[in-house]
Amino acid sequence: MNAAQLIATVGGVGYLRPAPGTWGSLAALPLAWLIHQAGGFPALALATLAAFLGGLWATGVMTAGRDDHDPSEIVIDEVAGQFLALWAISLPAWLHGLDISVLWPGWVSAFVLFRLFDITKPGWVGRADRRGDPMGVMLDDIIAGAFAAIGTALLAGLSHGVLGL
């Protein structure tokens, strides 16, 4: 397995069936936990950027000369998007010195919302996906991750009474 395949498939996770995108998102969860434990939110933010940039390069290499601009085995985009979705719990945990593990409802909502937005591709997510290039492959998941992070933060606000409901 060459470097581009290793990155794009997240060490081969993208070859798992069925639903390789879901497997990629699931793989991102323990990785995000380890990264957050090692360096808090700043480390997860840097890892998200690294996954995006590395994924952009690896996707370009793996799809060069192919008709399929987004083969299912490429799951680094799911990892980058899932990392971004988890910012909604990583940042507050880091700011308040909380153990991120106790924020388990946020882990669940970030995962479920990310998969929902990634699969259904509403609005900007679908527009990015239709680009048909490596940037589109990565960007649709980043946008889905941002939507999931916003949704997770809103759900946390509702749950903790911040919104007064």
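Student: What makes up residues 138–158, helix or strand?
Tutor: Over residues 138–158 the chain is 100% helix and 0% strand, and the end C-alpha atoms are 30 Å apart. Helices are DSSP runs of H or I with at least four residues, strands are runs of E with at least two, and both are numbered from the N terminus. This is a predicted model, in which local features need pLDDT of at least 70 and side-chain atom pairs count only at pLDDT 80 or more, while totals for chains, interfaces and linings use all residues. Residues are numbered from 1 along each chain as its sequence is written, and side-chain values use heavy atoms, with hydrogens and water left out.

Student: Why is Gly151 called buried?
Tutor: Gly151 is found in helix α7. Its relative accessible area is 16%. Buried means under 20%, exposed over 50% and partly exposed in between, with a 1.4 Å probe and protein chains only. Gly151 therefore counts as buried.

Student: How do you know whether Ser25 is buried or exposed?
Tutor: Ser25, in helix α2, has 0% relative accessibility and therefore counts as buried. Leaving aside residues up to four places away in sequence, Ser25 touches Glu78, Gln82, Phe111, Phe114 and Arg115; contact means heavy atoms within 4.5 Å.

Student: Why is Met1 called exposed?
Tutor: Met1 is found in the segment before α1 (3–8). The relative accessibility of Met1 is 60%, so Met1 counts as exposed.

Student: What makes the pair of Phe41 and Trp87 edge-to-face?
Tutor: A search of the whole structure finds four aromatic pairs. In one of these, the ring centres of Phe41 and Trp87 are 5.3 Å apart and the planes stand at 85°. Rings of Phe, Tyr and Trp (its six-membered ring) pair if their centres lie within 6.5 Å; planes under 30 degrees apart count as stacked, over 60 as edge-to-face and the rest as tilted. The angle of 85° therefore makes the pair edge-to-face. Phe41 lies in helix α2 and Trp87 in helix α4, 46 residues apart.

Student: Which class of accessibility does each of Phe41 and Trp87 have?
Tutor: Phe41, at 14% relative accessibility, counts as buried. Trp87, at 28%, counts as partly exposed.

Student: Why is the pair of Phe117 and Phe147 called edge-to-face?
Tutor: Their ring centres are 5.5 Å apart and their planes are at 75°, so the pair is edge-to-face. Phe117 lies in helix α5 and Phe147 in helix α7, so the pair ties together parts 30 residues apart in sequence. With a relative accessible area of 24%, Phe147 is partly exposed.
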